[in-house]
Amino acid sequence: MIFEADYTVVKKALTTIQNLLTPTEANKNESRMVQLHVKGEQVYISHQGKKGSQLEYHLNLMGANPIFDGSVLVDFQELNSAIKSFSKSSGTLLFERDGNEIRIDDGVYEPELILLPENSDVEREFFLKPPFEKVKVPTEWFSHRLELARLNTKATFLPATSEIALLSYPQSIQIRSFNLSNIYESTLTLESPSPIKNEIFLFDKNAASRMAKLLKTTRAKTISLYWTSKELFVYTSDFVFRFAGVQEPDSEELFKALPTAEMTQGVARRILSLSELQGSIERCNTESFHLIPIGNQISILTELPEDEVPEKTLSYSIKTLKKVLSKWMPTAELIVGTKENCHALTLSHHDQQTEDWFILMPCE
């Protein structure tokens, strides 16, 4: 096996892998051993998880020059450590397997050597092929909305509150999350019909964290998705990742039945810029955010009267609001709910392709 690849390309691929491994996985042979391949015109790194694995991947070393075909099993940590001795100024690196070692040479300094384990020969090459059908979405939308959805994940007696749902519809996809006091939902309208038929994929907290890191790593403006309830494929020309889904029918039904439409019905509305809303919260001298619906308008109280609190005052968690606003869009429409939905407070944002709703229940 012999190939050449630019230092920055190799470093980027290894950094992506490093970011997705938990500390425990980084120390386990079964998750830290990767396959390095030169096959035809392709040079790539892949990892095949064992049965029940949460993650499998395939990363192309774009622009690499394949010289001699071959595959080898190598310890990811040793490969990553060897690459750290080089830098951008090293330019093109030559990788060559020689018996039980891999030599990495920049043509200037002494080459780095990686000793291979006894079982380093690859019996079966692992190539993670993405599905033909896919939904293409803006990477920024997926990354941003996933961060908002993760604000709700909490461990409670309902497993679904520690999960995030990805749902498909004929002309749109949705991200949803909830806990015992909040609901978040984001809808992206697709430019063409979705090939994914009424499927729901559930992320657990670890998978959601991995996905968030992956989306921050890629420079691709759009990303391709395909999922069933069992697995989610995420891919670009640079990589393919397969995430395993949470198999919980009860959680799936809860996510499908979330009463977002009912909870966002309101009696009063007010549109504010993000800076205006954050400024109002910063001026509050209490632990709650106070509102008074006046007709179909909303009055924000930055402090409560010392003598008597107005009868219609509604209070919401400032701590939660601050977290949401730290990741929210440039403007927000505040909606105070009806008596029937317990006067839930909704932050909404709409543009040509997206709708976002974050619903907070009032403080007791």
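Helix α1 passes helix α4 in a left-handed crossing, meaning the near helix is turned anticlockwise from the far one by less than a right angle. The model is predicted, with local features needing pLDDT of at least 70 and side-chain atom pairs counting only at pLDDT 80 or more, while totals for chains, interfaces and linings use all residues. Residues are numbered from 1 along each chain as its sequence is written, and side-chain values use heavy atoms, leaving out hydrogens and water.

Back to that pair: α1 covers residues 7-20 and α4 residues 76-83, and their axes come within 10 Å and cross at roughly 140 degrees. That makes α1 oblique to α4. (Angles under 35 degrees count as roughly parallel, over 145 as roughly antiparallel, 65 to 115 as roughly perpendicular and the rest as oblique.) On the α1 side, Y7, V10, K11, L14, I17 and Q18 make the contact, and α4 brings F76, Q77, L79, N80 and I83; contact means heavy atoms within 4.5 Å.

Now try α9 (residues 274-282) and α10 (residues 318-325), which pack at an angle of about 155 degrees with their axes 11 Å apart. So α9 is roughly antiparallel to α10. Here L274, L277, Q278, I281 and E282 of α9 meet I318, L321, K322 and L325 of α10.

L274 turns up again among the contacts of W328, along with H144, Y184 and F358, once neighbours within four places in sequence are set aside. In the largest nonpolar core, which has 90 residues, F142 and W328 touch the most other members. Such a core is a set of buried (under 20% relative accessible area, 1.4 Å probe, protein chains only) Ala, Val, Leu, Ile, Met, Phe, Trp, Tyr and Cys residues joined through side-chain atoms within 4.5 Å.

Conventions. Buried < 20%, exposed > 50% of the residue type's maximum accessible area, 1.4 Å probe, protein only. Axes fitted to C-alpha atoms, helices over the stretch in contact; angles between N-to-C directions. Helix = DSSP H or I, 4+ residues; strand = E, 2+ residues; numbered from the N terminus.
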